[in-house]
Amino acid sequence: MKKAWRGYLEVSLILKITIALILGVIVGLTFGEQAAVLSPFGDLLIRLLKFLIIPLVLFTLIVGVNQTKISSLGRMGGKVFLYYLLTSALAIIVGVTTASIFDPGIGMSLNTNETVEVPDNPGIISVLLNIVPDNIVTAFSELNLLGIIFTAFAFGIAISSLRSSKEYSKWGNTLYQVAAGLNQATLTIMKAILQYVPIGIFAIIAGTVGNQGADTLLSLGNMIAVLYIALIVQVGLYTIFMLLSNIRPRAFFARARTPMVTAFVTQSSSGTLPLTLNAAKDLSLSKSLYGFSLPLGATINMDGAAIRIAVSAAFAANVIGDPLSLTDILEVVLIGTLASIGTAGVPGAGIIMIATVFAQLGLPMEAVGLLTAIDALVGMGCTALNVTGDLAGTAIINKTETNRTSSYAS
């Protein structure tokens with residue numbers, strides 16, 4: 001038994017995940033909805049990953065803040081916000097362009113009796129106010145990532161201030177050492193959880209494939225295919241940006257593939273955050289940067305969701321026989337970009353974003369109900385792209401900071 005366990009540990013993680021994916025698809029197609037019996041193993045993986053989110057974000061950011069100048073944090077924060085805004089708009093354009101080429105939904109009919117309950121759109125103001133929690137305990141218990149980031153920044157800056165003062169430097173250094181020690185303890189737990197990831201992925205993919213079945217995939221296959229083409233194009237753009245920044249894409253994707261695959265299977269950017277942070281560490285990125293940019297990206301940067309909005313809008317317009325005009329396309333780009341930020345981190349965010357755009361364009365809400373049939377299949381690819389975009393952006397911004405440091409040194 002011990003020999004078999006040692007053999008399992010020696011196999012590379014990505015190979016174990018690949019095997020888990022293949023076996024999960026086979027089991028799902030073979031046993032159908034009966035594969036749901038494996039769901040507890042998948043639920044356990046999601047619980048383990050969520051278990052680590054708070055300590056990872058909190059301690060990584062506190063330690064990161066204390067490893068850089070406060071002025072540098074402001075500069076990096078501006079770059080992160082600008083990158084997320086621009087790539088969200090770019091993703092919408094990619095989605096609209098791809099959909100206009102392949103015309104998903106042509107020849108399909110709409111069931112006017114189809115309805116879907118759409119949650120209220122909280123709006124951008126609500127999201128911005130959510131950055132400052134009115135109760136720290138509530139922010140942690142409700143996994144309010146924006147609130148946790150704010151808390152980590154506040155205490156990180158306070159500890160940095162204590163360390164630089166004459167009167168309280170001893171206290172400040174002690175608190176920093178405690179945070180650094182807890183951060184290392186969290187990473188040690190992370191290493192153990194990584195060994196369970198393939199098992200959880202196998203269970204989740206088997207349940208998802210078994211529940212969706214081949215019929216759903218075939219009936220709306222055109223829509224799914226167009227969306228995944230757009231997702232691939234967006235990844236290609238990330239690759240170009242990395243090449244322009246002198247980042248080797250092969251090395252990047254070698255370390256990013258584990259969180260990408262996990263996000264694909266779990267459909268949760270925030271749930272995958274521990275693995276994304278671990279990948280950033282393996283890429284030797286600045287802790288003060290990725291400790292901030294990745295949790296923020298998991299909350300507001302949704303390039304995959306932006307593409308989903310664009311393709312869904314084109315799909316619904318084609319189904320009713322009224323393709324999007326140039327004006328409509330411009331509206332999709334503007335409203336979709338704002339909606340992808342304004343509804344981020346909200347349960348049912350994908351449906352909210354699509355419904356918001358549909359309402360503005362006068363598209364039928366019945367189409368939202370139709371799209372929920374492929375929600376899981378679409379959400380998998382979109383979530384994987386969300387995580388990829390966060391990590392790629394962090395790597396690119398890290399490169400600009402490295403170049404800046406180098407230029408100062410010279």
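Is Lys79 buried, exposed or partly exposed, and what is its relative accessible area? In this predicted model, Lys79 is partly exposed, with a relative accessible area of 26%.

A search of the whole structure finds 2 salt bridges. In one of them, the side chain of Lys79 meets that of Glu401, at 2.7 Å from N to O. Lys79 belongs to helix H4 and Glu401 to helix H18, so this pair ties together parts that are 322 residues apart in sequence.

Glu401 also forms a salt bridge with the side chain of Arg75, again with an N to O distance of 2.7 Å. Helix H18 spans residues 375–409 and helix H4 spans residues 70–102; because Glu401 lies in the former and Arg75 in the latter, the contact links parts that are 326 residues apart in sequence.

Glu401 has a relative accessible area of 9% and is buried, since buried means under 20%. Arg75, at 24%, is partly exposed, and Lys79, at 26%, is partly exposed too. Through the partners that these salt bridges share, Arg75, Lys79 and Glu401 are joined into one network. In general terms, side chains of opposite charge can pair when their charged atoms come close.

Definitions and conventions: Residues numbered from 1 in each chain as written. Predicted model: local features only at pLDDT ≥ 70, side-chain atom pairs only at ≥ 80, totals over all residues. Heavy atoms only, no water. Salt bridge = Lys/Arg side-chain N within 4 Å of Asp/Glu carboxyl O. Helix = DSSP H or I, 4+ residues; strand = E, 2+ residues; numbered from the N terminus. Buried < 20%, exposed > 50% of the residue type's maximum accessible area, 1.4 Å probe, protein only.
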